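Keep the structure open while reading.

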Amino acid sequence: MRRNTTKSLRAFAIELAVYSILVVIYFFLVLHLLGGWLFYLEAQHRYIYAAVALLLIAGQAVALDTVTTLLFRFLRGRWR
Amino acid sequence: MFFPISNADINPIYLVVVGFIIGILGGFFGVGGSFIAGPALRLMGVNWNYAVGTDLAHIVGKSIVAARQHRTLGNVDLKLGLIMALGTIAGAEAGAQLIQALKRAGNVNTVVSFVAIVVYFGIAVFMLWESGTTLWSGKKSSQHRTVKDKASKQDHSVFGPVTQMIQRLRIWPMISLPTSGIRAISLWTILLVAFIGGIFSGFLGGGAGYIRMPSMVYVLGIPTHLAVGTDLFEIVISASYGTITHAIKGNVDILIALVMHTGAVIGAQIGVVATQYFAGPKIRLAFVPLPLIGVAIVVYTLITGQKV
């Protein structure tokens, strides 16, 4: 039991570190590139902005959930 | 990091940490976490309108992650969630209209605040009594093992007889919810519960999960784990609607929401996994502080005369 917990915590710590690196890259690449375009949309085309905003947050949710799930599975050395 | 849409300068690490905390709460309790996100954004100087709209967008993302995770554990009743989403959206619109009517009457803050204090405090006291009594009565002998199998998710509650009485109300049309283990319940009961949750959402902003989750357990008789998962699924739909309407009105800074959400993804997964290790009454007992935080926010609003 304790061995499993230690293994899970270690896997989680590694996952967190890898995830943090990915998130930092994400901040500087995607958000930096999208910032100007989203600012323009918000100011000029509100309806398009609303649709894009929802698509972005939903897309990010699915993408990051998949990334973290895969990372966790990979680090634990087994597929659920 | 500068966010041009809301014209705010916020440290992204702060946003990630806030998202992480809200993610844990959301995954574990099935709430949106607006009572933390709103004040947290205000604290960084984000205007109130952006705080509300951005929070809703962030809730969509966090709830998608948590609902997906709960779905893999069999904790989401899609049929119930879709029906409740209709009631919540209608309730939120009605709540917004009621606010407008109270605004015209000139006593909106007083009425809404006192209603909220009584309701939230009542929920906290009731849940403390019910979950405490249920745990004390020792009806559930297997509370210390994990709660992965379907049978062990079936809750015992000292409020059970009242819930069964509500389920026996024969108001056409009756529907069955096999996933939640309910053979027949009036559609109107479900819509009413969702509608009331929606009204509070319209009154106070956010998803009002601290009203809807207990209502699903005590009024509809949904097992706690399923209530948490289904509430999250329902929040995805109602918060998406809210995000679109707020974005059209210019109240959403999606860049802030995206950054907050990166922390929420990890937090939501931890929260969901944690539900496996707690029985229903323990989750309900741990839920008690959430409506009390709502009370504290409303009291603060009354005293200072401004929304946090």
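This is a predicted model. The contact between its two sides draws on 29 residues from chain A and 34 residues from chain B. The size of an interface is often given as the accessible area lost when the parts come together. Between chain A and chain B that buried area is about 2700 Å², and carbon and sulfur atoms give 74% of it. On the chain A side, the residues that lose the most area to chain B are Leu54(A), Ile57(A) and Asp65(A), which together make up 21% of what that side buries.

Polar links also cross this interface. The rule finds 10 residue pairs in polar contact across it, with both residues at pLDDT 80 or more. Two elements of chain A give two or more residues each to the side that touches chain B: helix 1 (2–44) and helix 2 (46–76). Helix 2 of chain A provides the largest share, 17 residues. By residue type, the side of chain A that touches chain B divides into 20 nonpolar, five polar and four charged residues.

How many salt bridges does the rule find across the interface of chain A and chain B? There is one. Its partners are the side chains of Asp65(A) and Arg68(B), with N and O 2.6 Å apart. Asp65(A) is also one of the residues of chain A that lose the most area to chain B. A search of the whole structure finds five salt bridges over all chains. The pair formed by Arg68(B) and Asp65(A) crosses between chains, running from helix 3 (residues 48–72) of chain B to helix 2 of chain A. Are its two ends buried or exposed? Asp65(A) has a relative accessibility of 2% and counts as buried, because the cut-off for buried is under 20%. Arg68(B), at 36% relative accessible area, is partly exposed.

Other salt bridges lie within chain B. In one of them, the side chains of Arg284(B) and Glu130(B) meet at 2.8 Å, N to O. Arg284(B) belongs to helix 12 (residues 280–287) of chain B and Glu130(B) to helix 5 (residues 108–137) of chain B, so this pair ties together parts that are 154 residues apart in sequence. Arg284(B) is buried, with a relative accessible area of 0%, and Glu130(B) is buried with a relative accessible area of 0%.

Another salt bridge joins Asp231(B) and Arg212(B), whose closest N and O atoms are 2.8 Å apart. Here the parts tied together are 19 residues apart in sequence, because Asp231(B) lies in helix 10 (residues 224–248) of chain B and Arg212(B) in helix 9 (residues 209–218) of chain B. Both residues of this pair, Asp231(B) and Arg212(B), are buried. Salt bridges that share partners join Arg212(B), Asp231(B) and Glu234(B) into one network.

Not counting residues up to four places away in sequence, Tyr210(B) touches Val31(B), Phe35(B), Tyr120(B), Ile123(B), Phe287(B) and Pro291(B). Between Tyr210(B) and His58(B) there are 18 Å in space, C-alpha to C-alpha, and the two are 152 residues apart in sequence. Ser215(B) also lies in helix 9 of chain B. At 16% relative accessibility, Ser215(B) counts as buried. Leaving aside neighbours within four places in sequence, the contacts of Ser215(B) are Val193(B) and Leu220(B).

The last stop is a pair of strands in chain B. Strand 3 (residues 174–177) and strand 4 (residues 182–186) of chain B run antiparallel and are joined by three bridges.

Definitions and conventions:
Residues are numbered from 1 along each chain as its sequence is written. Chains are lettered from A and ligands numbered from 1 in the order in which they are written. This is a predicted model: local features need pLDDT of at least 70, side-chain atom pairs count only at pLDDT 80 or more; totals for chains, interfaces and linings use all residues. Side-chain values use heavy atoms; hydrogens and water are left out. Contact means heavy atoms within 4.5 Å. Buried area is the accessible area (1.4 Å probe) that two parts lose on being put together, summed over both. A salt bridge is a side-chain nitrogen of Lys or Arg within 4 Å of a carboxyl oxygen of Asp or Glu. A polar contact is a pair of N or O atoms within 3.5 Å; within protein, one must be able to donate a hydrogen and the other to accept it, and residues adjacent in sequence count only if both atoms are side-chain atoms. Helices (H or I, at least four residues) and strands (E, at least two) are DSSP runs, numbered from the N terminus. Ala, Val, Leu, Ile, Met, Phe, Trp, Tyr, Cys and Pro count as nonpolar, Asp, Glu, Lys and Arg as charged, and the others, Gly among them, as polar. Buried means under 20% relative accessible area, exposed over 50%, partly exposed in between (1.4 Å probe, protein chains only). Two strands pair if DSSP finds at least two bridges between them.
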